[in-house]
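I want the sheets, the helix packing and the contacts between parts.

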Amino acid sequence: MNLEDIIQKTKTYYCLECGKCTSICPVSRYDPGFTPRGMIENALLGFDDEVVLNRKLFSCLTCYTCQPECPSDVDFPVFVREARGLAQDNGQSGVCAHSGQLQSLARLMTNPDIKQNRLEWLSGEHRVSDDSDVLLWVGCAPYFEPIFRDVEFSALGVIKSTLKTMNSLGVEPRLLPNERCCGHDALWTGDFETFRKLAEHNAAQIREAGVKKIVFSCPEGYRTFKMDYPAHVKLDCEVQHFSEFVAERIGKNGLKLKETKKKVTYQDPCRLGRHLGVYDAPRKVLESIPGIELVEMRHAGPDSICCGTSAFTNCDSHSNLLRSERLKEAAATGAETLITACPKCQTHFRCATTDRGEERRSTPRLEIMDLANLVANATGE
Amino acid sequence: MAGFEPQIIAFCCNWCTYAAADLAGTSRMHYPPNVRIVRVMCSGMVDPIYVLKAFEGGVDGILVAGCHLTDCHYIDGPVKCDETVNKLREVLHVLGLEDKRLRREMVAASEGVLFAQVINEMVEDLKKLGPSPFKAKTEALA
C-alpha cells in the first residue's frame, strides 16, 4: 500500500482545504507545527515523504474532534492510522513515551507460548466464576500497575473497583488467565502485524471461553473490540463499557449506592465519547449516586478535549500544556474531583499533576479518579 | 535440554563492573563465553526498554551490574538502577518470565572473581530454565 491507496481508501481527495480540522484540532492549538490540513494537502500534492516521514504524524491524538467538523467527511484519524502503517514500514515509529516499554510489551505478548501471571491480584473479597458468560476484560492493567506507580495511578485499582461493583450487582464475571493486550495502541501506531496477532489470540481465547458478553473498564479496549476486531476476527458476543453496564442496572438488581458528598466534573474519554457516542451512561451513573453534584466543563460531551496523548507516542511539552489547560478547565468548574472513565486519561492527567517541573507549578492539583472507583466506594457498607 | 547454550546480555557500568570484567580477563579467570557485555556509563542509565528489547530479540538472560551503592560516580545511579530493575521484575513476572532471567548485581572494579562467579551461576541457572519463550522469534526479528 502507498499513500495514493490510502487517499483513495479514506476518500481524502474530497478535502476542500478549508482548514476546519486544523482550527479545531487540540494539538494544533498548542503545537503550530502540527496541521491536519497541511498534512492532507501534502498527501494530495504527492509529497509522500512530507507525510510519511514527518515526525508530527505521530502527534495526532486520533481523538475524532476534526472529523465531525469536516464538510467533506474526510476521516482524518483513519488516514493518519494508515499513513502510520507506511511510516512503520519505513522504520518510523514516533517518539515512544515511557521509552517504548508499552509498545515492546505488546510485541512480546504476541508470543503464543508465554504463561502470564496476570490474575495474582485477585483476593478473597472478589467473586469470580469460571462458568459465567460475562467476561470482565482486564487488559493491560496488570502491566500498568508497576509502570505507572510513580504517577500514583493504580490501574488494578480500577479493575478491582469494577469487579467489586459487578459483584454487588450480583454478577460474578469470568476472568481470562491468558488474555493479551487488545492491540489498540499497536493498531493506532500503524503496527498492524502486532495488532492482528493479538486480535487473533484474544478472539481464540474468548471463543474457547464461550462468553456472551464482555465488560470493559477501558474505553480503548471497548472501541477495539467493537469497531476494529470485526474486520479481522470473528467474535460472537456483546461488548459493553462498565458505565453502560451499571447504567442499565440502576434502580434494579438491588444496587444501593450510599451518599457520597462530592462536587465532580467528568472528562469524556475520546474513545468512549466521540468514537463510540457514549455520553449519557457515565453521567447517568454519576447522577444516580446520592450527594454527587456533577458540574460540566466548558468543553464537555462531543466538544470534550482529549487528555493529550494517544497510544503513548509523541508525548511532548505541547501534550503537557494541553493536559495542564484541560485540568485548569476542570478546576475552573469548582469541582474537587475529576472523574474519568478511561485508565489512560487518568495516567496522563496524573502525570501532569505529579510532574514537578518549574513551568508546571500552575497545573491545578485536582483529585483524579475513575468512575469505577467512585461507584465502588459508594457501594461499600 | 542437551546442548543448550544460553545467551546472556550483561549491562555493565563503565567504572566498576566493566573494569571487573576486564580484571577477570587479565587475571585469566575462566567464565563461560555465553555473555555479551554492553558497556554503559552507569547502571542507573539502564532503561527498561534495553531489557525488554533484548528479551524481544531472544536472549535468555540479562545481567544488570554496576557499582556498589556508595561507589557511584554519579551519586545515586545504583539506587535508580534498583528502582528500574524492581519495576521490571514485576512487569516480567506478569509476562510470565522466570525471575532468574533478570539478575541485578553490584560488582566493584576489584571484584573480578565475583564477576566470573556471577556469570558462572547465571549460565548454570539458565541452562536449567531452558531457552526463553521469546527465543523462537529471533529469526523473525532479524
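The entries below go from conventions to domains, sheets and the chain contact.

**Conventions**

I am working on a predicted model, where local features need pLDDT of at least 70, side-chain atom pairs count only at pLDDT 80 or more, and totals for chains, interfaces and linings use all residues. Residues are numbered from 1 along each chain as its sequence is written, while chains are lettered from A and ligands numbered from 1 in the order in which they are written.

I take helices (H or I, at least four residues) and strands (E, at least two) as DSSP runs, numbered from the N terminus.

**Entry 1: domains of chain A**

I looked up the domain bounds first. Chain A is assigned domain 1 (3–89), domain 2 (97–247) and domain 3 (262–379). These bounds come from an automatic or database domain assignment.

I then checked domain 2 against domain 3 of chain A. Their centres, taken over C-alpha atoms, are separated by 22 Å. Domain 2 of chain A puts 33 residues into the contact and domain 3 of chain A puts in 32 residues. I count two residues as in contact if their C-beta atoms, placed from the backbone, lie within 7 Å.

Which helices supply the domain 2 side of chain A that touches domain 3 of chain A? Helix H8 (141–147), H9, helix H10 (184–188), helix H12 (219–228) and helix H13 (242–247) of chain A each give at least two residues. H9(A) has the largest share of that side, eight residues. By class, I find 16 nonpolar, 10 polar and seven charged residues on that side of domain 2 of chain A. Here Ala, Val, Leu, Ile, Met, Phe, Trp, Tyr, Cys and Pro count as nonpolar, Asp, Glu, Lys and Arg as charged, and the others, Gly among them, as polar.

**Entry 2: H9 against H18 in chain A**

The axes of helix H9 (residues 155–168) and helix H18 (residues 371–379) of chain A come within 8 Å and cross at roughly 45°. Axes are lines fitted to C-alpha atoms, for helices over the stretch in contact, and angles run from 0 to 180 degrees between N-to-C directions. H9(A) and H18(A) are therefore oblique to each other. The cut-offs are under 35 degrees for roughly parallel, over 145 for roughly antiparallel, 65 to 115 for roughly perpendicular, and oblique for the rest.

The crossing of H9(A) and H18(A) is left-handed, that is, the near helix is turned anticlockwise from the far one by less than a right angle. On H9(A), the contact residues include A:Gly157, A:Val158 and A:Ser161. On H18(A), A:Ala372, A:Asn373 and A:Val375 are among them. I sort this contact of H9(A) with H18(A) into four nonpolar, seven polar and one charged residues.

**Entry 3: a sheet in chain A**

I traced an open sheet of four strands in chain A, in the order E5-E4-E6-E7 with parallel pairing. Strands pair if DSSP finds at least two bridges between them. The edges are strand E5 (292–294) and E7 of chain A, each pairing on one side only. From one strand to the next, the twist averages 35°.

I went through the pairs. E4(A) and E5(A) are joined by three bridges, and A:Lys263 faces A:Glu293 in E5(A). Strand E4 (residues 262–267) and strand E6 (residues 337–340) of chain A share four bridges. A:Val264 stands opposite A:Thr337 there. E6(A) pairs with strand E7 (residues 367–370) of chain A over four bridges, with A:Ile368 as the bridge partner of A:Leu338.

**Entry 4: a sheet in chain B**

In chain B, four strands form an open sheet with parallel pairing, in the order E2-E1-E3-E4. Strand E2 (35–40) and strand E4 (102–106) of chain B are at the edges with a single partner strand each, so one side of each lacks a neighbour in the sheet. Neighbouring strands are turned by 20° against each other on average, direction ignored.

Strand E1 (residues 8–13) of chain B joins E2(B) through six bridges. B:Ile8 stands opposite B:Val35 in E2(B). Helix H1 (residues 17–26) of chain B packs on the sheet, touching E1, E2 and strand E3 (61–66) of chain B, and its direction makes about 115° with that of E1(B).

**Entry 5: chain A against chain B**

How many residues does each chain give to the contact? I get 18 from chain A and 17 from chain B. H7(A) holds the largest share of the chain A side, five residues. That side has seven nonpolar, seven polar and four charged residues.
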